Amino acid sequence: MMSKWALYWKHNQQKWMPFVFLAPATLFFLVLIVYPIVESLRLSFFKWDGLGEKNWVGGGNYVELLSDHRFWLSVRNTFYWTVFFLIAPVVGLLLAIFLNQKIRGIRFVKSMFFFPFVISQVVVGLVFAWFYEPHNGLLNEVLKFLGMSPIAILSNENWVTFGIIAAGMWPQVAYCLIIYLTGLSGLSPTLIEAARLDRAKGWKMLWYIIIPQLRSATFVAVVISVIGALRSFDLISIMTGGGPYDSSSVLAYFMYDQTMFSYRMGYGAAIASVLFVLMDIYIVYFLIRLWRGERGTSDRSILGN
Amino acid sequence: MFPRPIEKRAVPFQVSYRVLVVLALVLWMLPLLAIAMTSIRSLEDITTGNYWGLPRDWSVIDNYLAIFTASKIGRYLLNSLIVTIPAVAGSLALATMAGFALAKYRFRGNFFIFAMFIAGNFIPYQILLIPVRDLAIGTNVYNTFWALILFHTCFQTGFSIFFMRNFIADLPDEIMESARVDGVGEWKIFVYLIIPLLRPALAALGVLIFTFVWNDYFWALVLVQDDAYRPITAGLSSLRGQWIASWNLIAAGSIVAALPPVIMFFVMQKQFIAGLTMGTTKG
């Protein structure tokens, strides 16, 4: 004889099991992701040094941001990162087309091209810091060889951000390359053959036949690059620490700097909130697309971080 | 195939293509080659400015031995492993269960919960920094392995659920239906029918998460302080402060820090790429 509960469970477990399966992940997520977001947004309306009392200042932190030149410097640099990172999908696609051949050893060549994506940004940062080293770095050796005067990229206010972005492009292009190589291997051969019979060639073929078929790859590559740009932190922290004179800071780094070194939690939270809202534009765009895909044909894309 | 297979081209074209590939490869790897070369030089080479010629005396063993004996790099590597392995296992377990629920059951709020996990995967770390740090301090896990393990487990779960849910959704419903008809409980269906089918997905996801967690720098910087818990990324950046001009040691340290994910990548390349690009060819 089964107890009442056991009987209920036997007949209703299909209704309850999904929540049992979801519970651990959801609980974790609520505590370590959702709650912190809400709390950060709330903190952005307070003045707080992290230890003492929290004082309500309303929109005070945001008003202060508007007149803080370091904030605008960070906004400008974040904008540069985003714009330049959008070149990564283009370069990735061109490289993918270049490497999409079946010659001997191409597998090895491709994996070497993926390489920068696998290694830590800390290592990438050190590698490029060495590369830019003002006295004997490879870049300056090349400049000297070409008869130009050497420049100390990382201590030059005008060049520093672009120098770091260039370092960031290296793994980012590798990532886009991986995505496009997979995209190219999934092209429809019949469509290409048909286009060839119609004498489509070169750029026309690429523009009208190939790129339209790579739509989801492009979508993923673009979203990943924008998110990667908005998240840029590691390279800046390793290569310059935001300097010289904050000239290489971005929103993500500026927030960290204000919070960890100036103990301005409320102000830091306000910077984080600005970055968060900026990022939400892309998150919502992605979710809407996913939502449409779920209802129509299954159109999925995977994103790393 | 696009572009046109190179074999169908004239021989000079084929040859120049191969030359170009090699050239592009060398150019692409130049920063890395430079650091590899530097890691086997003696300090004398560095101070006298012999950066790019052949090393005057080869210090392969000296340098790599030096970083292990003169610094805590061995400790940092071990710390990274202690953090990474449980975090990978934890997020795989959480994501497999949640992904299964989201893929195979219909209930209200299904898409909403799914969307929450995906959105969580994209947010900037900075929006979490202050509260997560406070939580860690308040629960006494700040500056311990637990702080990093718990946070990474949770954060990687967002991405993993996205991955798992899509993979499980592609499994045919019939296997579950017929088991249900036979009176098999839902938990047993999950453990004995679903999980064995997930092996390729678990492998692919595991390699990816390993790389992501191993390479994390931000949380390593803000959740732990002591060398006893510091992972290799944060450790390497603190060593840089000590070694200032000893670029040969910094270079050797960089190589050592990069090695584990690189080995993982080469051993499991197929799974790695399959994981990274799942679904980009559809739609």
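These are my notes on one helix pair in chain A and on the two domains of chain B.

The model is predicted; local features need pLDDT of at least 70, side-chain atom pairs count only at pLDDT 80 or more, and totals for chains, interfaces and linings use all residues. Residues are numbered from 1 along each chain as its sequence is written, and chains are lettered from A and ligands numbered from 1 in the order in which they are written.

**Helix pair, chain A**

I looked up α4 (residues 87–99) and α11 (residues 215–231) of chain A; they pack at about 140°, axes 8 Å apart. Helices are DSSP runs of H or I, at least four residues, numbered from the N terminus. Axes are lines fitted to C-alpha atoms over the stretch in contact, and angles run from 0 to 180 degrees between N-to-C directions. The angle makes α4(A) oblique to α11(A); oblique is what remains after under 35 degrees (roughly parallel), over 145 (roughly antiparallel) and 65 to 115 (roughly perpendicular).

I then listed the contacts (C-beta atoms, placed from the backbone, within 7 Å). A:A88, A:P89 and A:G92 of α4(A) meet A:T218, A:A221, A:V222 and A:S225 of α11(A). These residues divide into 4 nonpolar, 3 polar and no charged; Gly counts as polar.

**Domains, chain B**

I found domain 1 (6–66) and domain 2 (69–277) in chain B; such bounds come from an automatic or database assignment. Their centres, over C-alpha atoms, are 33 Å apart. I noted 13 residues of domain 1 of chain B in contact with 10 of domain 2 of chain B. On the domain 1 side, α3(B) gives the most, with 4 residues. That side divides into 7 nonpolar, 5 polar and 1 charged.

Key
Two residues are in contact if their C-beta atoms, placed from the backbone, lie within 7 Å.
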